[in-house]
Amino acid sequence: MAEVSQLQVETALKAVIDPYLEKDLVSAKAVKNIAVSGDKVTVDIVLGYPAKGSRAALAAKLKEKVVAAGAKDVTINISSNIVSHGVQKGVKPLTSVKNIIAIASGKGGVGKSTVAVNLALALSAEGATVGILDADIYGPSQPTMLGVKMKPESKDGKTLEPIMSYHLQSMSIGYLIDEETPMIWRGPMVTQALEQLLRDTNWKDIDYLIVDLPPGTGDVQLTLAQKVPVTGAIIVTTPQDIALLDARKGLKMFEKVEIPVLGVIENMSTHICSKCSHEEHIFGAGGGAKMAEQYDVDFLGALPLDMRIREETDAGKPTVVADPECRISHIYRDIARRVTAKLSLQKKDFSAKFPNIVIQNT
């Protein structure tokens, strides 16, 4: 049989569009090596996003195309390499955190914290090293959601060790105060606390730090925009008009401070009756998708209003770890791949690779 050429293999690979990058892997510069020996072909692919859940299906599609091009023995190796991406101008990236993703909503009650913790767990399940920072100083909910009731250690009396739960590194003001204690603080104290929680925690080689923001567009959001190196933001909304109105304000705020909006997640999209399985749109239909289209951002996915999500999260075992194979967990993992694939196409940050130049008078 005639030897298959490298060009033929490359052409075959170009015929497969990665569903998350929305382009072929050759154009996305993910194909790192093509080795051809007779009718034996080995292809090495390195994705810029974690993709444990979709790797096998992608490899099977690529193999099929290369076999159709004339190769008999085909090996497709797919791995992920997550790098730092650019942040706002004038803000210095954290050395131990590659990317910070802010989860925001214009108003409370849309399930943003539940989305934040499940998305963090989904990213971890996809193979990334993940942290979550609870930036809601007045109403911290991540300790309850992660089932943690311990105080963080401080080995040097100055910095805090992140609390580990379900392979996530986490930090929250809720770990440091009694859960009955109200935080009666003015804005400057809140923003200072947020900065300290972020910078004085010994995060360990994190690929993605999820920041669960309080609702609204106030002090905390402004601090985040001006002082915290944010790689991208996600807006969580519910389908009804009043939530969408406030979600638009959040989206506009990130645009003004030049933080890329990675997309919109519609929570409580449909309700499925636990008795008869009838599905209905309690809060209206398609609002999140319409908003994403209007502002030319990605619609990342829709999550149902399901009693199990509430029960599992309240019990300190969010859905993605409580039932990894259920439909909701699969939606979260799909959103996790979509978000990070979008992020992988943004400009990279090389500041950590450049040495500091010091000029001395001798």
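A residue is called buried here when it has under 20% relative accessible area and exposed when it has over 50%, with partly exposed in between (1.4 Å probe, protein chains only). Strands (E, at least two residues) and helices (H or I, at least four) are DSSP runs, numbered from the N terminus. This is a predicted model, so to speak of local features takes pLDDT of at least 70, and side-chain atom pairs count only at pLDDT 80 or more, while totals for chains, interfaces and linings use all residues. Residues are numbered from 1 along each chain as its sequence is written, and side-chain values use heavy atoms, with hydrogens and water left out.

**Stop 1: β11.** Select 232–237, which is β11.

**Stop 2: the partners.** Two strands pair if DSSP finds at least two bridges between them. β11 pairs with β6 in the parallel sense over 4 bridges; look for I101 opposite G232. Towards β12, also parallel, there are 5 bridges, and I235 has V264 as its bridge partner.

**Stop 3: the whole sheet.** Now show the 8 strands of this open, mixed sheet, in the order β8-β9-β7-β10-β6-β11-β12-β15. β8 (163–165) and β15 (299–302) each have a single partner strand, so one side of each is left without a neighbour in the sheet.

**Stop 4: D136.** Select D136, in the loop between β7 (130–134) and α4 (142–145). Is D136 buried or exposed? D136 is buried, yet has no salt bridge (a side-chain nitrogen of Lys or Arg within 4 Å of a carboxyl oxygen of Asp or Glu). K112 is the nearest side chain of opposite charge, 5.2 Å away; Lys and Arg count as positive, Asp and Glu as negative, with His and the chain ends not counted. Leaving aside neighbours within four places in sequence, D136 is in contact (heavy atoms within 4.5 Å) with I173, D212, P214 and P215.

**Stop 5: G90.** Finish in the loop between β5 (73–80) and β6, where G90 sits. G90 counts as exposed because its relative accessibility is 86%. Its C-alpha atom is 8.7 Å from that of K227, 137 residues apart along the chain.

How values were computed
Axes fitted to C-alpha atoms, helices over the stretch in contact; angles between N-to-C directions.
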